[in-house]
Amino acid sequence: MTDTRLPEKEPTPPQRSPMMDRVTGVGTSVARSLVLPTLAMLTALIIGAIIIAFSDIEILRLLFDDPGAAAGQMVSEVSRAYRALFRGSLGSVNSLSESLFAATPLLLAGLSVALGFRAGLFNIGAQGQMLMGGLAATYVGVYVSLPGIIHIPLTLLAGFAGGMIWGGLAGLLKARTGAHEVITTIMGNFIAVFFMQWVLTTGIQDPGRNNPVSAELVTSARLPRLFGVDYRVTIGLLLAIAFVFAVHWLLYQSSIGFEFRAVGSNPKAGSYAGMNVAIVVTLAMALAGGLAGMAGANQVMGLEPYKATPALAGAVGFDAITVALLGRSNPVGVLWAALLFGALAAGGREMQGAAQVPIDLVVVLQALIVIFVAAPGMIRAIYRVKGREEKPTQMTTGWGS
Amino acid sequence: MALVLEGITKRFPGVLANDDVSLSVAPGEVVALLGENGAGKSTLMNILYGLYSADEGTITIDGEEMTLGSSADAIAAGIGMVHQHFMLVPVFTVTENVVLGQEPTGFGGMIDRDIARETVMNISERYNLRVDPDALIENIPVGVQQRVEIIKVMNREAEFVIFDEPTAVLTPQEVEEFFGILEGLQADGKGIVFITHKLGEAIRVADRIVVMRGGKVVGEALPAETTQQDLANMMVGRSVDLTVPKESASPGDVVLEVRDLVVLDSRNVKAVDGVSFDVRAGEIVGIAGVQGNGQTELIEGITGLRPVMSGSVRMGETDITDAHPRDLHQLGVSHIPEDRQGSGLVLDFSVLENMILDSYYDRPFSRGVFMDWASTRETAQDLVKQYDVRTPGIDVPVSTLSGGNQQKVIVAREFAREVELVIAAQPTRGIDVGSIEYIHTQIVAKRDAGAAVLVVSSELDEVMALADRIIVLYHGRVAGEFAPDAEVTDIGLAMLGSAP
């Protein structure tokens with residue numbers, strides 16, 4: 001009996017410290033955590049290049065007659081497209097402004113979806129919550145008259161409240177009846193669109209229009225531009241970045257976030273530990289809705305013509321899901337993902353204009369990046385990157401959970 | 001002629017999982033492979049089944065060296081494995097599951113169900129397995145599902161069968177039947193490796209017992225010449241106490257008073273049907289019974305996790321019927337839930353976060369909504385030390401800990417405060433001997449500190465070792481109350497519903 005120690009437990013691979021990541025917001029090995037996303041982007045660009053090269057019917061015809069010339073044309077085509085993509089996103093101060101401008105609503109809505117994921121909820125309703133938030137902001141922005149310093153926060157708050165009610169409703173339905181939030185939020189999107197179409201033809205309608213467009217927001221409710229009138233990016237960007245920190249704080253430094261994450265990961269353990277799962281679900285959906293509502297408010301307060309339409313959300317509410325996934329539901333990750341998507345959107349417009357490559361290619365690139373980020377095993381296999389096996393990203397628990 | 005593993009060594013990064021391990025099984029022999037979690041049993045068996053490749057060492061069958069690169073190779077070599085978690089498709093029939101992957105086909109590649117069915121019937125009769133070939137897997141009990149796994153292995157003409165913790169999921173009756181089946185296989189000349197950490201079972205069924213610890217074979221014993229105590233010492237590497245050392249109880253006032261409690265299960269059937277009992281301060285009341293006789297619902301009813309149909313639960317002067325878990329927490333109730341990973345822990349959370357899972361909402365862990373991570377870390381560090389949780393740190397996900405250490409995290413969390421009532425459900429299920437001993441000591445310590453303790457366990461040995469009073473549940477009713485020195489057979493009869 002010389003050995004008095006118990007056998008050690010099964011081998012555990014060395015772990016990064018997730019707690020420190022959470023507390024500081026920055027991974028202990030930032031560089032390493034950027035390797036895979038960078039390679040994913042590179043791969044997406046390569047595949048995108050192939051698609052550009054083979055999508056011109058003239059070049060394909062030439063391929064049979066004179067392969068050499070065709071190859072040359074392909075290269076010049078691809079480089080023209082990608083140069084335009086770069087120029088439009090980062091190439092000038094205006095491009096940068098456009099990228100940040102496009103990133104602003106994506107960031108707010110992305111945070112909304114990410115917050116939902118952390119609480120185990122799949123918020124597909126950012127789109128509808130944006131509309132409701134935008135609508136509420138429009139009322140305050142059109143009918144109220146106050147000094148800007150009060151009016152802007154009040155209008156934003158209205159946006160938050162509008163989205164919060166819409167998101168909270170889905171949360172309440174889930175908490176009370178078990179109705180799955182995927183279904184209720186999708187339905188909420190439809191209702192929001194048609195509700196907008198109806199409301200915008202009533203009193204708040206732009207006089208002299210007969211389609212659903214609201215009247216103009218008064219000047220004091222408009223978001224000031226950040227770098228002067230020539231550049232479209234507004235202080236909405238700063239607000240969105242402030243919310244990155246706010247959401248991060250909420251999730252990792254507050255007891256509410258502790259409940260969100262516990263219930264999100266294992267609701268049964270949460271309720272055994274005395275958490276009120278119904279309240280957590282409702283509150284999480286309400287806050288997620290509020291964030292999306294702010295994104296909607298940004299769309300009426302931050303861009304010309306400062307009017308609400310049923311199309312004010314564009315596809316932002318859905319792109320937000322992709323942004324949240326790409327950012328792995330980490331607020332800081334969502335920031336980077338929103339900036340990337342903003343840059344792709346701004347660059348894509350330039351690419352379409354200058355290189356005649358359809359902007360849809362940007363959507364393809366976005367999709368490819370997300371696929372490769374979501375499947376780290378594939379990137380590891382292609383580039384033979386060593387590292388520990390990561391669990392595939394599972395954001396929410398199953399149907400009916 | 002036999003299956004022989006010789007000098008098997010397997011390294012994982014930073015760990016020597018198997019260190020020069022040798023093991024042999026002859027036809028018609030049952031070898032019990034005994035060891036704690038993490039001793040290297042599973043690694044060894046996964047090598048034998050072709051799932052891992054060994055870094056060193058050889059595997060020979062009848063003197064012929066085998067290269068087992070995959071489980072298909074192992075099956076071809078006549079090695080079969082019955083996993084702890086069955087590999088069955090729940091919505092398929094028994095027959096479909098048995099032939100899955102090697103379906104007998106007839107005209108045009110259609111599955112020939114008659115041949116498949118006959119195969120299953122033949123094997124079932126040969127080993128007296130009594131399985132309905134047309135039953136759906138999801139409709140048959142766990143014990144029968146295990147027999148389907150055995151038919152699967154036999155259908156693949158295995159000569160050597162590995163059973164990985166086969167009794168862990170079985171009721172006592174099913175265990176008996178399983179031992180009968182083992183004898184049949186043995187009589188038919190199959191070589192059997194029986195992985196377990198239950199000492200009694202190893203002694204009962206094995207021809208030879210091989211003990212592993214820390215990746216090495218540390219001893220071999222013949223059942224006739226060894227005792228549970230010897231085996232336990234060998235497994236743990238020091239002398240362990242299989243009985244729980246405790247003074248006799250000195251019960252005080254009634255702390256928990258359960259009266260005529262009725263609780264429904266998830267199918268709305270009365271799972272607890274009019275149960276009444278008291279637990280006094282300074283005593284341990286043990287609830288025994290075959291699993292599924294209302295224990296789960298009883299605990300969930302008492303702890304406010306499942307609505308009570310009728311009856312009452314009182315704690316001292318306070319009515320706690322249908323009280324919220326948070327209220328119970330504040331009243332000084334500790335609850336160790338039976339499903340450690342399902343309801344006791346958030347597996348994605350770190351050890352630190354799990355340590356405060358039910359007390360995060362108040363000082364010193366948070367002020368208002370502000371978490372105080374600094375003070376939380378301090379507490380968690382202390383608890384890890386105090387409760388002997390073996391972990392590389394408090395920031396690693398709790399999922400990377402062994403079962404015993406996960407359970408210690410829960411015990412630390414639940415016991416590290418003023419406690420009046422301890423409710424512990426299956427407190428040591430599936431964990432290693434060292435941790436069991438430790439947790440039992442902690443439970444007795446809480447009793448001696450004046451807490452009322454209610455322990456539920458499907459292991460009768462555990463209830464008898466811990467409890468000062470034993471209540472047997474059968475079909476949701478109290479089928480008898482016993483002193484801890486009562487005859488095991490009497491308690492056993494009560495567990496089966498025949499009152500003594």
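A:Leu96 counts as partly exposed because 18 C-beta neighbours lie inside 10 Å; the cut-offs are 20 or more other C-beta atoms within 10 Å for buried, 12 or fewer for exposed, and partly exposed in between, with C-beta atoms placed from the backbone. This is a predicted model, where local features need pLDDT of at least 70, side-chain atom pairs count only at pLDDT 80 or more, and totals for chains, interfaces and linings use all residues. Residues are numbered from 1 along each chain as its sequence is written, while chains are lettered from A and ligands numbered from 1 in the order in which they are written.

**Exercise 1. Place A:Leu96 in its chain.**

Step 1: find the element. A:Leu96 sits in helix α5 of chain A, residues 93-118. Helices (H or I, at least four residues) and strands (E, at least two) are DSSP runs, numbered from the N terminus.

Step 2: A:Ser145 is 49 residues away from A:Leu96 along the chain, and their C-alpha atoms are separated by 33 Å.

Step 3: zoom out. Chain A has 16 helices and 0 strands. Of its 401 residues, 49% are buried. Take the contacts in chain A with a separation of 6 or more: 73% of them join residues 24 or more positions apart. Here a contact means two C-beta atoms, placed from the backbone, within 7 Å.

**Exercise 2. Find the cis peptide bonds listed here and say where their prolines lie.**

Step 1: start with chain A. A:Glu304 and A:Pro305 are joined by a cis peptide bond, with omega about 5°. A:Pro305 belongs to the loop between α12 (277-301) and α13 (316-326) of chain A.

Step 2: go to chain B. B:Arg363 and B:Pro364 are joined by a cis peptide bond too, with omega about 0°. Look for B:Pro364 in the loop between α12 (351-355) and β17 (366-367) of chain B.

**Exercise 3. Work out which way helix α6 of chain B faces.**

Step 1: list what is covered. The buried residues of α6(B) are B:Phe178, B:Leu182 and B:Leu185. Seen down the helix axis, they fall within an arc of 60°, so they line one face of α6(B); the arc is that of the directions from the helix axis to the C-beta atoms.

Step 2: On the face away from the buried side you'll find the exposed residues B:Gln173, B:Glu176, B:Gly180 and B:Ala187.

Step 3: name the neighbours. The buried residues of α6(B) pack against several elements of chain B, including β3 (30-34), α5 (142-155) and β7 (160-164).

Step 4: look just past the end.

**Exercise 4. Describe how α4 and α5 of chain B pack.**

Step 1: get the geometry. α4(B), residues 113-126, packs against α5(B) at an angle of about 105°, and their axes are 10 Å apart. The axes are lines fitted to C-alpha atoms, for helices over the stretch in contact, and angles run from 0 to 180 degrees between N-to-C directions.

Step 2: name the arrangement. That angle makes α4(B) roughly perpendicular to α5(B) (under 35 degrees is roughly parallel, over 145 roughly antiparallel, 65 to 115 roughly perpendicular, the rest oblique).

Step 3: list the partners. From α4(B) come B:Thr119, B:Val120, B:Ile123 and B:Ser124, which meet B:Ile151, B:Met154 and B:Asn155 of α5(B).

Step 4: sort them by class. The contact has 4 nonpolar, 3 polar and no charged residues (nonpolar: Ala, Val, Leu, Ile, Met, Phe, Trp, Tyr, Cys and Pro; charged: Asp, Glu, Lys and Arg; polar: the others, Gly among them).
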